[in-house]
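Please keep the structure open beside you as you read the points below.

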Amino acid sequence: MSLVEVQRLRVELAGSGVDIVDEVSFTIDAGEVLGLVGESGSGKTTVGLTLLGDARRGARIAAGKVLIDGEDVLALADEDLRSLRGNAVAYIPQDPSAALNPALSIGRQIEELFEFHRPLASAAEIGARIRETLEEVHLPTEPAFLRRYPHQLSGGQQQRIVIAMAFVLRPQVIVLDEPTTGLDVTTQAQVLRTVRDLCAIHRVAALYVTHDLAVVGNLTHRIAVMYAGRLVEVGTTEQLFREPTHPYTRRLIAAVPLVSECRELVAIPGQAPAPGARPEGCSFHPRCEDALPECERTVPESVSLGPDHEVRCLRASGRRLGVVAGGALVDRLPRDDGAPPLLRVTQVDAFHGKRQILYGVDLELHPRECLAVVGESGSGKTTLARCLVGLHPPRRGVVEFKGAPLSTKARARSAEERRTMQYIFQSPYTSLNPRRSVGAILRFPLDLFFSLSRAETETRVAEVLERVTLSPRTALQYPEQLSGGERQRVAIARALVCRPEVLICDEITSALDVSVQASIVRLLRGLQDDEGLALLFVTHNLALVRTVADRVLTLSQGRIVEVGRVADVLDHPQDPYTQGLIADTPTLAIG
Amino acid sequence: MSRMDTMMTSSAPASERVPASSRGPGLLRRSLGQSRMRIGLVLSAFIVLVAVLGPLLAPHGAGELVGAPYQAPSRGLPLGTDYLGEDVFSRVLLGGWTVLWMSLAATVLGVGAGTVVGLLAGYSRSALDDVLMRIMDVFLSFPVMVLVLLFISMIGSKGWVIVIVVGLAWMPQVARVVRGATVEVVSREYVQSAEALGAPRRQILAREVLPNIATPLMVEFGLRLTWSIGLIAAISFLGQGLQPPAADWGLMIKQNRQGLTLQPWGVVVPVLLIALFTVGTNLMTEGISRTVARVTPPEGTA
């Protein structure tokens with residue numbers, strides 16, 4: 001018998017009885033890692049929480065069983081649930097900074113776990129176990145480190161502490177909810193290695209919840225793909241990567257950028273339906289290119305394709321598979337036509353207070369070119385981007401636009417200078433004013449830079465919404481009524497409405513699902529081709545660089561370590577730092 | 001599983017998109033779902049009606065002597081007479097208006113001035129922040145009552161003086177709250193985006209910052225209103241407010257308290273009305289702030 005057995009789980013919205021999750025069954029053996037993959041709103045986190053016997057506010061576990069070591073956690077009393085959580089089943093959340101108490105030292109927070117769950121343990125035992133666990137997650141073990149507070153640690157260290165807290169009581173089951181989303185590739189790779197090793201050493205059954213198939217490839221033994229509250233395909237990692245069968249799985253795979261080859265990213269049109277708005281029949285059929293007429297009526301049953309490989313698709317039963325291909329390989333032609341650079345940065349030094357962030361950075365951006373700036377967090381790439389638009393005045397150095405030096409502060413630049421260079425922020429959840437309608441957000445720059453009549457303004461707003469493939473009705477909506485991808489399109493529209501020549505994109509896809517990322521990347525590429533925009537694309541994801549950029553610049557600790565054509569740098573990296581970044585970038589290869 | 005039960009009582013799941021929930025009018029409508037909000041609204045509305053319509057309905061004038069002092073209630077004099085022999089019922093109906101307008105005006109003034117100072121300080125990120133806030137701290141270090149009485153005794157006890165002095169007394173406290181909220185909002189990327197576009201400061205403060213601190217401001221307004229009512233009634237009670245023969249609830253308490261055992265209505269009714277008003281505004285404030293806490297949507301969750 002498996003250590004974890006979830007049987008026909010159904011979670012509903014309390015009151016309305018609308019299903020968030022239905023008919024979900026899977027098992028996890030001791031020492032096995034199961035990846036649970038799906039887009040935002042697919043119900044994957046909801047499933048993860050039921051392993052702890054929990055449902056989020058407003059949700060209710062309506063039916064099914066969650067057996068852990070033979071015991072149904074859904075039938076446990078409060079008291080028993082408390083001793084289950086953290087003890088037998090541990091949870092590692094997405095955002096470590098929100099999971100740690102900022103007012104307690106990390107040592108104290110780990111000790112608390114023992115007070116709750118191991119009241120009889122001696123101080124010596126506790127100390128030894130904590131040291132052992134800290135070693136396992138590759139953190140310092142000296143007492144001085146344990147006396148630190150969460151804010152004194154880096155994001156990667158915070159996540160390691162949370163992992164240590166999950167493993168310190170030696171649980172049987174661990175639920176990981178996108179624990180590497182906020183981390184850069186290098187830290188992500190290290191954290192993933194740590195998790196894999198710990199699960200293997202301690203024979204833990206782990207459920208790894210994520211939206212990014214590439215992240216889990218090296219970690220999981222099996223993968224369950226979730227769509228609209230149901231599992232659509234379950235199989236071993238190898239089966240899923242070699243012969244993905246459900247159209248949704250295949251599209252998810254096609255949306256993942258690869259560092260090794262420049263492929264057209266294939267976005268999934270539309271978005272995952274919200275609970276209550278799920279279509280009849282197979283809930284994927286409106287977005288499925290291979291949909292048959294009966295898909296609209298029949299809810300597909302699970303079909304077994306072999307040992308451990310099950311899929312819910314009508315086509316799968318007769319193996320009448322459609323033809324969702326991966327994106328075509330594309331050759332990015334060099335666009336260096338000898339034109340003078342649009343933007344030239346010379347010897348820029350920037351500081352945060354007394355700390356120097358950038359050391360003598362030089363770069364050139366040519367018209368119609370996309371230059372990627374890569375580096376791990378703390379490398380100064382965002383600071384560099386902010387220097388260009390005047391949000392972070394550098395202390396020394398010159399930023400020139402078309403040969404004319406720009407003032408270091410945005411406010412001191414002319415309206416024309418501000419208009420031609422637009423900045424798009426990382427998170428569309430914080431870059432749009434929640435109290436303003438999309439229309440008002442887009443009219444704001446128009447009113448600043450152009451003197452247009454009311455009608456002309458409305459026309460421009462409608463045009464730009466169409467350009468980013470949003471319906472004109474969006475203008476009446478507020479940001480909180482939009483999905484992450486739609487919000488980021490609005491943010492892009494706010495930049496485009498200024499008719500800029502240079503777009504500076506700061507990690508603009510890192511807060512989005514992989515499938516949404518693909519559509520945003522296609523949009524940017526289209527803008528570059530059609531409107532001749534020059535792009536400065538800041539990212540930590542080298543795989544994205546391959547598809548997006550013409551040239552790439554690697555920053556490490558505020559210094560440029562490598563610049564060159566994308567193909568040259570990614571295929572033959574010269575600098576050890578770039579080599580490391582490439583090695584850490586997740587791929588769909590099976591390791 | 002009591003924890004599950006309490007979770008089931010809340011209707012909307014955090015994962016659903018919350019449509020237009022935390023915007024102004026929607027917020028008020030949602031807060032009406034709470035009984036404390038409804039009770040507060042009814043109480044406040046009752047007092048406002050008494051204060052506004054009262055002067056039209058009062059059978060006697062403010063200084064009109066209608067009988068012997070401290071007469072018990074009788075036909076035609078439903079609440080009896082006060083220490084001079086004036087009609088208590090008429091004076092109750094006439095005396096609410098000053099409390100109402102003065103406390104509202106003082107609150108608007110105090111919250112308005114405090115908001116301007118707080119926005120400027122919170123947005124400036126320069127020495128201006130320190131200068132403004134230290135000045136506010138100096139004001140804060142005096143007890144409000146002492147400050148208010150000092151200014152009134154210096155300038156005189158006219159209505160507008162009281163309004164300005166009470167308003168300014170709240171300014172430092174409002175400024176602190178607003179500054180705190182502003183500092184948090186200013187760090188958000190939509191404000192930086194407006195800065196990168198080069199929008200004028202005034203527009204950034206009015207369009208990007210102010211709407212996003214509206215909820216703490218609303219709570220602050222309710223709180224200050226409650227305090228203003230109490231403070232203005234107290235000023236009248238101490239004899240520093242309106243002067244007789246004008247009718248005012250605070251003043252009535254002072255005038256009639258010696259005869260409390262003889263004829264309690266001249267004290268009890270104004271006390272009760274002031275109490276109901278403060279309780280009413282306080283309940284509404286509480287209702288709004290609880291609704292805010294409940295509807296604030298989590299950002300960027302799956």
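1. Two strands pair if DSSP finds at least two bridges between them, and strands themselves are DSSP runs (E, at least two residues), numbered from the N terminus. On that basis, β9(A) and strand β10 (residues 230-236) of chain A pair in the antiparallel sense over six bridges. Within this pair, A:Met226 stands opposite A:Leu231.

2. A word on the source: this is a predicted model, where local features need pLDDT of at least 70 and side-chain atom pairs count only at pLDDT 80 or more, while totals for chains, interfaces and linings use all residues. Residues are numbered from 1 along each chain as its sequence is written, and chains are lettered from A and ligands numbered from 1 in the order in which they are written.

3. The hairpin of β9(A) and β10(A) has two residues between the strands, and A:Ala228 takes a positive phi near 50° there.

4. β9(A) also pairs with strand β3 (residues 33-37) of chain A: the two run parallel and are joined by four bridges. A:Leu34 has A:Arg222 as its bridge partner.

5. Why is strand β9 (residues 222-227) of chain A largely enclosed by the rest of the structure? Six of its six residues are buried (20 or more other C-beta atoms within 10 Å of a residue's own, with C-beta atoms placed from the backbone). A:Arg222, A:Ala224 and A:Met226 cover one side, and A:Ile223, A:Val225 and A:Tyr227 the other.

6. Elsewhere in chain A, six strands form an open sheet of mixed pairing, in the order β18-β19-β20-β15-β21-β22. Its edge strands, β18 (421-424) and β22 (559-565), each pair on one side only.

Note on methods:
Buried ≥ 20, exposed ≤ 12 C-beta atoms within 10 Å, placed from the backbone.
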